[in-house]
Every structure is written in C-alpha cells, then in structure tokens.
Amino acid sequence: MDIEKTIQKVWPKVRRKHLFPQIPLPKVIEGGEEVALEIKSKQLLISNSFFEKLKDVMEGEEIVEAILDHGITHYMYCPWDFHTHLTLYNEAKKVVRKKDLAQRATTCFMDVVADTYCVKGKDTKIPNLYKNLHKTGIHEVLTSLYEKIWGVNLGSRGHDERINRLSRIPYLERKKWEESIKKFTKVIQDILEEELENEQESPQRRPNPLGEHSLDNYSLEEIDRGLREFASAVEDLQEFKETVEDLKEELEEQGYATGGMGRGRGNPIDANLLYYMKLAESYTLPIRKLPIEKMGDLHPHSHMPWEIGKPFADIDIWTSFGKIIPGITQIWKKREGETFGELEGTPDCLIIIDSSGSMINPRERLSYAVLGAACACNAYLKNESRVAIYNFSDALRGNKIILDFNHEKERIYQAICRYFGGGTALDLEDTQYLLSRADNPDIFIITDMQITNLEKLIEFFNQIQNRVTAVHLGHNVHSTRFKEGTEKRKNISLFNVKEKEDNPKIILGKIKEYLSSTSEWG
Amino acid sequence: MKNPFESFHQVGGRKREIPLDKILQSKEETLSKILNGYEHLLKNEAKDLVWLMQYSTVIKAYSIAEKGLEGIEYTAEDIEEFCYALDRSDQIPYLITGPAGVYISALCNYAKEEEITLHLRDLNVKVNLTGYRLPPNKKLIVEGNVGDFTGIGLDGGELIIEGSGKNYTGAGMKRGKIIVRHNLGFNTGHGMTGGEIIVGGRIKGLGKIVGGKIFEREHLVFPNEGVKPFYF
C-alpha cells in the first residue's frame, strides 16, 4: 500500500486515539530519507522517502501511526503552544548560552516528553519506530534513555551514568518543565557541543529523524499570543530581548514584525519595543468616555391616557382604536432625547513621558513609565483615537521628542521608548503646541515628578480644561506638591505606580466628579 | 439508553505504568528519607537555629548524621538532589550551612560509589565543610564553588573543587589531596598535618601549618623558605 492510502487508513484511528485534535489530514512530501516529519502551521507532512526506506523493516501502517502519534502529541501535549516552546528554549539557553545548542536541547527535550506521554497513555508504535531508527550521537543517548524509562528493548547500549541522570527527570510533570529542561540540557550539553563542533568541521549533519521544531510549526497568531505571554512571564527585559534576538531572523521570515502580524516584510524587529508592546497588551486600561449631552428634542417614549386639555397632536391613533374618549384614548408621553453631541466617544490623547536620568532606561530594565505610557497608548488607539507623544528630559536643551497626533503604533512606541537621561524640565510651549493640534485632547503624564519647573507645570494644569491623568512613580516631596497643587481641579486624576500590576488600576481620563467620595488619590 | 461516550473509555483512560514512574517514586522516597535524617540532625544540633562551628560540635554533628543515614540506600544523584532541595526554601524549613555541610559530607563518605560528582554550579548557597573526613579510596568532585572549612579533617580521600573555596580549606587534614581549580581564602591548611592542597588560582592567606604540602599555581608555597612548619 502506498503512503497516501496508508495515511487515509490510519488517520481516523489516530485521530480517535488522540480525541479528535483539530488538525487537517496529514500530507505527503517527497522529503529526505533522514527526516520523517515536518510540521507547518498544524499541517503534518510525512516524508515519502523516509517511509519507503523504513518499509523494509517495519509495517507501513505502523510507521505512519507512530509518526502521527509523535506529531499530534507535540500539538496536544508538548510544547502545546508557542509560549511553552519559548519558555523551554529560554531555560535551555540559560545553560548552554548558544542558540544552536539551546534549540537542539529544546527539540530533544520536547521529543522525550511527547513520546513518553504517548507511550504511557496511548497504544502507540513509537517504540518500534525508535528501534528501527539510526542511533548515533545524541539519538543514541535518547534511545538508551527510552529503553530505561519505557522498559522496552530498543537495541541501544551505553551512557550509563548519563542515562541514570536523565532518567530521574519528571518529564510528565508540566509544572516542573522549566527546571527539568535545565537538568536535561546540563546532562547532554557536552554531546551537543561535540556534535556541533564536528558539523563545523564537516558540514554534514545528521538531522533529528522526527523533525526539528522551528517557528514554522506555529501560525502568526500563535506567535503573537506566545510573545505576549512570554513578555509577562519572563523575569526581566533582558531575558525577553535575548530570546527574541535569537529568533529574530525566523520571526521576520515568518512575516512577523515589531508592529505585529502582517503579510510581507515589515520593519526589522526591535526586541525592546516588542517587549513593551506585548507586555502592555496584557493590561487593559479603561477610558471614561466624555459625558453625554442633552439634545433638547422631544421623542415619543411611552403611552399614557389622554385627558381633556392635552394636545390632540400627541394622540396615538393606533392604540386608541380611532376613538377620542378620555380613559381609552392614548397619547404619547415625550421625553427629551440624549446624544453624544460633538465630542462623542474618546478624544485624542497627548502622552507626556519623563525620560530623565532619575527614570529607568527602558532598554536596560523594565520601565514602569514606558509600560504605563504604552498601556495608555494602546487604550486610546483601540478606541480609534490618535496619540501624540512628548518625551522629555531637559527639554529646554533639546532633549525631547515631539510626535504629532497619529495612529501609527510603532512610531508611537519608538517615541515612548527613547531614553535621554540627564535633567528634567518641560518646555510648556511644546505642550501647548501639541494641545493645539487636536480638539480638546486628554493628557496622560507619567513621571517621578522630580521636574525642575514643576510649579509652572502645576500652574499650567490649573489653567486648562482638558482631562489629565497624571501618574507618578514612587512617593516623594514633588509628587506631594503636585497633589496639593492640583487638588482642587476636578479634571486632574493622580495615580501612583509602584509595580507593573498597578497599571490596570489607572482609569484614563477619570474625572473626580464622577467618582465616589472615597476616590483613590495618591 | 446507550452511553454515547462508551467507546472512548478504552481510548482516553488507559495509562500504563512505565519504569519512569518507579524511578521517580523511588527518587522521591529516598529524598524524603535523606531529608528526615537532616531534620533530625537540626533538631538535635541547631534547635535555636544557631550552630557554633567548633571542633566538638562538628564531631557530634557528624556522629548524629551517620546515625541518621543508617539503612538509607542512595546514589550520588540523590546527594545532588538533596543539595538542591536545601537551596529551595519550600522544601526545607531552614538551611544552616554548617550542619548541612556535615550531613552532605557524611552522605558522600557513606555512598556506595567510590567516585562522586556533584554538579552544584547552580546552587545559590555555598555549602561549608564539604568533604569533611573524606576517607581513603573516595574521590569527591564538586562542580561549583564551596564555602568555608572545605576538606577539613580530610582522611586520605581526594577532593576536587571545580571552582573556588573560601577560608580554612583543608584545616586539620591528615592525608589525601585537595585540588581547587580557582582560588582559596584565608587560613588555608590551618593545622594540617599531612596531604596536599593544590590550587590553580590564588590563595589569600595560609594558616598555621604543621605538615603536608601546598601548591599555588604550580609553585610550592608550603613548606618553603618563607613559611616554616608551625608547632602547636
């Protein structure tokens, strides 16, 4: 039986075994003799050459079933999603420090987990497959490991001490995968290094017979979601940056750019921007819409009985049965209509961000100021409003970025992430200029309040009617002064951010008169 | 009425036991026994979470550790697991590096293997007293840095530290060899009467040495003309 017919015969059985995963019917590719399987965006591709080669020693149906079990378990169990893949890669990289080695270690670990899961929980032919695959280098070690932990004879020998260590890893405990992959990588590190060295001398590489795990396995949506989850999970910016820099080429080849998903080649990926973008997506800041206005027109609202003296014009002839008799005849009760008026919806927003020396450099560590500004930016852009940026340190000496109102997320993020260092002074003329570029925009300012001309800023805010959301990082005398100076203004809300989790507490454009008396200040 | 999901019973629920399950179970059981022995030592020797490093307290702690380990079957990997368990505060109520070091030394000294390698590079704490009383025909290799009093009272074994040590390394050692790839701290070899300490990097200071040999970057620094044997 040829491979296509074999797949069609085996596929329903395999699908049922794995409880009907949402993946399409596997396809056949000519491929090479060495690699059995490729996965591209959930599509399993089985190599015909591999199948033909192995058919001499193994039943065709068994080959296909084992390959499909392996492929589906990657989809159903490990890595499951792109975030888990990135996390495992990140942990392996911490041990080996090299991209190639980390990728290979991750692939091996995911194979061990997936195959062991399958062997333990399903009726699978995977052991038979390994029995008939080549056993050299790392694959020899892994086959010996399978022998020990599955309890089947696969014809592999040696590496006792290494296998002892590898067999003590709890592969099926998902919660321990991060720790487990580190242990796993440490044990196989020297073999991987040796293999890499040999390949550099002679370019022939013995590939993983069950396929490599690359970004091809994932769709752009999955990559986007995975990066978002990864940004929230990593301990710091550097960790995210290192991983994204490693995978930059593959991401770009897939068509992923800093601005997100899309067709064609986008701008080169800037890991810093991407980090703040993805992290900000995890925090949704609500925006208070501007209050609705009475329009003055009356419209029919409900019925009431007609009485003598009430206008005939309001009689509803349909519900009055054509009669004009008090008690039976109904008239329309009218109410004043409401509308959003001219300022309907969310206004544009001017984001003022302090990037002076007292603030954290967003390209070195997680900056709450940048994260806060990014969250605000997202909130306004989602509401189809425009955002302008005023990024300043010592603005009077030219250390500032003025970005006019626009919808371009990447440009806005670039402006937000720029770090100047140095002194802190606002040029209020710039602010006035930007405010004049939109119709009564909101203002979002984020700073530690250690501003040289803070008094002028307070004075300025006391004069304007725009809604102001002021966020200060940490408490100091300056933030207290700002609070006192703007206390009487109902259009200014002040928030304190101590950690990134404080960001969602901010309500943009919140106006005090809409809040209860226990409004959270400071 | 027929259960529509009946045919799936065979498909989803079957999970067979594989040797991995037994290996992991046995690992957990051994670790738990080793931890019990350690907690017993702490209850006896460090009730108030204070442990004074003295000649008599070390000897007493070691004899309690020896008793605590009676009847436990373990391997070098179990010792390593224990070291990492010490590092994780959620598993051990408290870590006191002195008794912990004595206990780890006892574990190594009574292990079945003649050569033990502990991969401790990722350990956050630096364990003191590693290799205490390491007997002849035993080789202990530690990958990573260690703390104070490493290899004290060494009794013929070979201790290799693939990292750096701190103060009082090899104090009171009688025979055997300590090889340190990188650096050592003050009072190295204090009171040692025999054996060799070979250091690949620098030694901050020597102690009062009675006998034996100490090499620093392949140069004999004890005995030599500037440093004479000390007589207590």
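1. In this predicted model, Val28(A) has Ile46(A) as its bridge partner in β3(A). The pair belongs to the contact between β1(A) and strand β3 (residues 43-47) of chain A, where 3 bridges join the two strands and the direction is parallel.

2. The sheet around this pair is open and has 3 strands in the order β1-β3-β2 (chain A), with mixed pairing. Its edges are formed by β1 (27-29) and β2 (37-40) of chain A, each of which pairs on one side only. From one strand to the next, the twist averages 35°.

3. A helix accompanies the sheet: α3 (residues 60-76) of chain A lies across β2 and β3 of chain A. Relative to β2(A), this helix runs at about 35°.

4. Two packed helices are described by the angle between their axes and the distance between the axes. For helix α7 (residues 137-151) of chain A and helix α9 (residues 177-201) of chain A, the axes come within 9 Å and the crossing angle is roughly 155°. Because angles over 145 degrees count as roughly antiparallel, α7(A) is roughly antiparallel to α9(A).

5. Which residues form the contact of α7(A) with α9(A)? From α7(A) come Gly137(A), Ile138(A) and Val141(A), and they meet Ile188(A), Ile191(A), Leu192(A) and Glu195(A) of α9(A). By class, the residues of this contact comprise 5 nonpolar, 1 polar and 1 charged.

6. Chain B is assigned two domains, domain 1 (24-114) and domain 2 (130-232). The C-alpha centres of domain 1 of chain B and domain 2 of chain B are 24 Å apart. Between them, 10 residues of domain 1 of chain B are in contact with 12 residues of domain 2 of chain B. On the domain 1 side, helix α5 (residues 97-109) of chain B provides the largest share, 7 residues. That side of domain 1 of chain B consists of 5 nonpolar, 4 polar and 1 charged residues.

7. The contact between the chains draws 17 residues from chain A and 12 residues from chain B. On the side of chain B that touches chain A, α1 (9-12) and α2 (19-45) of chain B each supply at least two residues. The most is given by α2(B), with 5 residues. In composition, the side of chain B that touches chain A has 6 nonpolar, 2 polar and 4 charged residues.

Technical notes
Residues are numbered from 1 along each chain as its sequence is written. Chains are lettered from A and ligands numbered from 1 in the order in which they are written. This is a predicted model: local features need pLDDT of at least 70, side-chain atom pairs count only at pLDDT 80 or more; totals for chains, interfaces and linings use all residues. Domain bounds come from an automatic or database domain assignment. Two residues are in contact if their C-beta atoms, placed from the backbone, lie within 7 Å. Helices (H or I, at least four residues) and strands (E, at least two) are DSSP runs, numbered from the N terminus. Ala, Val, Leu, Ile, Met, Phe, Trp, Tyr, Cys and Pro count as nonpolar, Asp, Glu, Lys and Arg as charged, and the others, Gly among them, as polar. Two strands pair if DSSP finds at least two bridges between them. Axes are lines fitted to C-alpha atoms, for helices over the stretch in contact, and angles run from 0 to 180 degrees between N-to-C directions. Angles under 35 degrees count as roughly parallel, over 145 as roughly antiparallel, 65 to 115 as roughly perpendicular and the rest as oblique.
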